[in-house]
Amino acid sequence: MADHFVTEFGHRIDFVPGFYERNKEYVSWIAKTDVSQQIKTYAPQGRVDPRLLFRDWITFSAAAHFLGRHGLFDRQYQTAIDLGGAEATMMRLFAAYGAVKEASSVDLIDFSAAVDDAYFDEFIRHLNDIETLPLQIRQFINHARA
Amino acid sequence: MDMLETPGTYDLVTAFAALDHTGLDEVLAKVRSMLNPGGVFFAQIQLWWWVVNTTGILGHFPYAGQRLALNDLTRYFAEHHPEHVEFVQRRYPYFHKGEHPTADEWVQRANQHGLELIAMERMVCPL
């Protein structure tokens with residue numbers, strides 16, 4: 001196999017050994033990912049996989065931390081909307097943490113039923129009852145809270 | 001519902017990696033029209049310019065999609081991953097319908113639509 005590529009302008013680009021192999025699993029996941037299908041596949045009994053909820057919680061935490069550092073999280077927004085929030089998880093989290101009073105979400109497909117209120121409440125309880133979580137997640141949360 | 005058809009105005013509008021497929025100007029104009037006076041728009045955006053971005057285009061060297069013009073990129077994949085040529089041609093125009101704005105260009109365009117930057121932070125995928 002070649003170890004370089006030459007552009008139409010004659011520039012030589014050397015391949016980086018192992019680069020493709022290191023990243024191809026991540027990329028193949030993207031290539032196969034249809035988000036709507038992903039949610040359906042990962043939703044036992046119509047509910048979204050808790051791993052996706054946890055991913056959303058991490059994303060929310062980063063956003064809340066960012067907004068907080070700029071004085072924008074504790075404004076108690078009266079109305080808010082999340083664009084592209086098919087499962088409505090993000091706005092539920094904003095509301096659950098008291099940042100938003102009237103929260104809504106919009107997406108091409110409404111998957112909010114995949115995270116019904118009981119399921120969401122259970123997820124929040126688990127987050128707040130850190131001792132019930134797997135060791136890796138406990139370590140992550142403890143690190144994030146430190 | 002298409003986000004560009006969403007009615008109403010809001011104090012906070014958020015978007016978490018959800019705007020990539022939209023035209024940049026049309027979505028920024030829509031967001032501006034959705035904000036109440038003093039409202040806040042928070043967007044977590046993904047960029048074409050990441051070493052491995054969400055188009056899924058990957059070569060044997062970093063930034064293959066960004067370093068090669070589409071002609072070269074297509075030829076590179078035809079030579080080394082012919083099974084992915086169709087995929088690459090489909091995914092190349094994924095970000096903002098073929099625009100590949102940098103973070104700074106994103107902000108400039110937002111300014112043009114009447115949005116004022118409060119803060120920006122860059123996060124890097126741990127790859």
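Trainee: What share of the 146 residues of chain A count as buried?

Mentor: Keep in mind that this is a predicted model, where local features need pLDDT of at least 70, side-chain atom pairs count only at pLDDT 80 or more, and totals for chains, interfaces and linings use all residues. Residues are numbered from 1 along each chain as written, chains are lettered from A in the order written, and side-chain values use heavy atoms, leaving out hydrogens and water. Buried means under 20% relative accessible area, with a 1.4 Å probe and protein chains only. On that basis, the buried share of chain A is 39%.

Trainee: In what order do the elements of chain A run?

Mentor: Helices (H or I, at least four residues) and strands (E, at least two) are DSSP runs, numbered from the N terminus. Chain A has six helices and four strands. Starting at the N terminus, their order is β-β-α-α-α-β-α-β-α-α.

Trainee: Which residues is A:T7 in contact with, leaving aside its neighbours within four places in sequence?

Mentor: Contact here means heavy atoms within 4.5 Å. In chain A, the partner of A:T7 is A:I13, and in chain B they are B:L68, B:D72 and B:R75.

Trainee: How many Å separate the centres of domain 1 and domain 2 of chain B?

Mentor: The bounds come from an automatic or database domain assignment. It gives domain 1 as 3-47 + 98-112 and domain 2 as 64-94 in chain B. Taken over C-alpha atoms, the separation of their centres is 28 Å.

How values were computed: Buried means under 20% relative accessible area, exposed over 50%, partly exposed in between (1.4 Å probe, protein chains only).
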